[in-house]
Amino acid sequence: MSIVTLLPFIVLIGAMFLMTRSAKKKQQAAQQMRNEMQAGTGVRTIGGMYATVKEIHEDTVLLEVAPGVHAIYAKNAIGAVLADEEYNRILDGADPIHGDESIVPDDASSLTGDTAGEATETGDKAEKIDLGKAETPADAEPAAEAEAEVEAKDAKDAKDTVKADADAAKDEKKSGDDAK
């Protein structure tokens, strides 16, 4: 065999080795994180629940999910051990500390340059733009209703045609039976 025929197999085996190696490193890091966990630290489970570690056993962890509410979880269910600052920030609902990041406003007026709803230089408030559905005048017939009427008429015509054909077939059968 030549090296050219073996080359794809060598590349495949090398890729598999690299993938399993990185996955193994991630598993070892997660296991180390779970082993270094201590009572009193805040954790996030793989389901996204935040809790405080009360007791650590060989394969399980006793978590306090709310004051006075305890639950037993498998150690493998711990997704992350959180720093005290981050855990307290999450529990208190405080916003993360923003450095030089710009904060996106609740409305898009600053992004579009639109001044609707903002005070002008003279102190007057600009007229707000209504983004709701505009009501149609009473005498204007919506296109959907007109289309529905046309479809209903077409369906009625088709039904009448089918009924007429059925009556004609019935009459033919009767006249054929009478002729015998």
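Helices (H or I, at least four residues) and strands (E, at least two) are DSSP runs, numbered from the N terminus. By that rule, helix α1 covers residues 3–35 and includes Ile3. This is a predicted model: local features need pLDDT of at least 70, side-chain atom pairs count only at pLDDT 80 or more, and totals for chains, interfaces and linings use all residues. Residues are numbered from 1 along each chain as its sequence is written, and side-chain values use heavy atoms, with hydrogens and water left out.

**Overall fold**

- The protein chain has four helices and five strands.
- Read from the N terminus, the order of elements is α-β-β-β-β-β-α-α-α.
- Of the 180 residues, 11% count as buried; buried means under 20% relative accessible area, exposed over 50%, and partly exposed in between (1.4 Å probe, protein chains only).
- The accessible surface comes to about 15100 Å², and 56% of it belongs to carbon and sulfur atoms. Areas come from the Shrake-Rupley method with a 1.4 Å probe; for residues, only the protein chains shown count as cover.
- Take contacts (heavy atoms within 4.5 Å) between residues at least 6 apart in sequence: 34% join residues at least 24 apart.

**Nonpolar core**

- The largest nonpolar core has seven residues: Met37, Val43, Ala51, Val53, Val61, Leu63 and Ile78. Strands β2 (50–56) and β3 (60–66) are the elements that give two or more residues to this core.
- A nonpolar core is a set of buried Ala, Val, Leu, Ile, Met, Phe, Trp, Tyr and Cys residues joined through side-chain atoms within 4.5 Å.
- Val53 lies in strand β2. Val53 counts as buried because its relative accessibility is 1%.
- Not counting residues up to four places away in sequence, Val53 touches Met37, Gln38, Ala39, Gly40, Thr41, Val43, Val61, Leu62 and Leu63.
- Val53 and Val81 are 28 residues apart in sequence, with their C-alpha atoms 9.6 Å apart.
- Leu63 has contacts beyond four places in sequence that include Val43, Ala51, Val53, Val69, Tyr73 and Ile78.

**Thr41 in the loop**

- Thr41 sits in the loop between α1 and β1 (42–45). Its relative accessibility is 17%, so Thr41 counts as buried.
- A polar atom of the Thr41 side chain lies 2.8 Å from the backbone oxygen of Gln38.
- Thr41 touches Ala51, Thr52, Val53 and Val81, leaving aside residues up to four places away in sequence.

**Salt bridge**

- A search of the whole structure finds one salt bridge, defined as a side-chain nitrogen of Lys or Arg within 4 Å of a carboxyl oxygen of Asp or Glu.
- Lys54 and Glu64 form a salt bridge, with the closest N and O atoms 3.1 Å apart. Lys54 lies in strand β2 and Glu64 in strand β3, so the pair ties together parts that are 10 residues apart in sequence.
- Lys54 is partly exposed at 37% relative accessibility, whereas Glu64 is buried at 19%.

**Surface patch**

- Ile3, Val4, Leu6, Phe9 and Ile10 make a nonpolar surface patch of about 530 Å².
- Patches are made of residues with over 30% relative accessible area and no salt bridge; like charges are joined within 9 Å, nonpolar side chains (Val, Leu, Ile, Met, Phe, Trp, Tyr) within 5 Å.
- Ile3 counts as exposed because its relative accessibility is 61%.

Note on methods:
Polar contact = N/O pair within 3.5 Å; in protein donor to acceptor, adjacent residues only side chain to side chain.
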